[in-house]
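Here's a quick briefing to read alongside the model.

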Amino acid sequence: MTVPAGPPGPDLSCRELVASVTDYLDGALPDDRRALVDAHLATCEGCRHVLAQWREVVRLGGRLGEAEVGEVAPDVRDGLVAAFRRRHGRP
């Protein structure tokens with residue numbers, strides 16, 4: 001996923017927003033950080049697009065049943081699990 005080069009919102013860069021997007025969607029950001037993300041989103045079309053993409057990923061992922069997950073190619077599944085672990089600082 002490409003990080004947008006749009007204008008930064010108050011005290012938050014596009015890169016920082018992208019790094020916070022999953023916590024934002026999970027409602028796991030502290031109120032002050034969430035306010036920074038909201039302010040940035042109000043001024044940055046690129047980051048609004050990134051957020052919309054993540055919402056679509058979550059929506060589609062939520063529709064997968066256990067059977068469909070089992071049908072994902074092992075190398076694709078392993079790559080997704082590895083990316084998730086790296087993102088969350090897990091080995």
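This is a predicted model, and the place to start is the pair H1 and H2, which cross in a left-handed way. The residues touching there are Cys14, Glu16, Leu17, Ser20 and Tyr24 on the H1 side, with Arg33, Arg34, Val37, Asp38, His40 and Leu41 on the H2 side. Sorted by class, that H1–H2 contact comes out as five nonpolar, four charged and two polar residues.

**H1 against H2: the geometry**
- H1 covers residues 14–26 and H2 covers residues 31–43; their axes come within 10 Å and cross at roughly 120°.

**H1 against H3**
- The axes of H1 and H3 also come within 10 Å, but here the crossing angle is roughly 30°.
- H1 and H3 are therefore roughly parallel to each other, because angles under 35 degrees fall in that class.
- The H1–H3 crossing is right-handed.
- H1 brings Cys14, Leu17, Val18, Val21, Thr22, Tyr24 and Leu25 to this contact, and H3 answers with Cys47, Val50, Leu51, Trp54, Arg55 and Val58.
- By class, the H1–H3 contact has eleven nonpolar residues, plus one polar and one charged.

**The nonpolar core**
- Eleven residues form the largest nonpolar core: Leu12, Cys14, Leu17, Val21, Tyr24, Leu29, Val37, Leu41, Cys44, Cys47 and Leu51.
- H1, H2 and H3 (45–62) are the elements that each supply two or more residues to this core.
- H1 gives the largest share, with four residues.
- Leu29 is one of the core members; setting aside neighbours within four places in sequence, Leu29 is in contact with Ser20, Asp23, Tyr24, Arg34 and Val37.
- Tyr24 and Val37 from that contact list belong to the core as well.
- Cys14, Leu17 and Tyr24 turn up in the core, in the contact of H1 with H2 and in the contact of H1 with H3.

**The chain as a whole**
- Of the 91 residues in the chain, 20% are buried.
- Looking at contacts between residues at least 6 apart in sequence, 57% link residues at least 24 apart.

Definitions and conventions. Residues are numbered from 1 along each chain as its sequence is written. This is a predicted model: local features need pLDDT of at least 70, side-chain atom pairs count only at pLDDT 80 or more; totals for chains, interfaces and linings use all residues. Side-chain values use heavy atoms; hydrogens and water are left out. Axes are lines fitted to C-alpha atoms, for helices over the stretch in contact, and angles run from 0 to 180 degrees between N-to-C directions. A crossing is left-handed if the near helix is turned anticlockwise from the far one by less than a right angle, and right-handed if clockwise. Contact means heavy atoms within 4.5 Å. Ala, Val, Leu, Ile, Met, Phe, Trp, Tyr, Cys and Pro count as nonpolar, Asp, Glu, Lys and Arg as charged, and the others, Gly among them, as polar. A nonpolar core is a set of buried Ala, Val, Leu, Ile, Met, Phe, Trp, Tyr and Cys residues joined through side-chain atoms within 4.5 Å. Buried means under 20% relative accessible area, exposed over 50%, partly exposed in between (1.4 Å probe, protein chains only). Angles under 35 degrees count as roughly parallel, over 145 as roughly antiparallel, 65 to 115 as roughly perpendicular and the rest as oblique.
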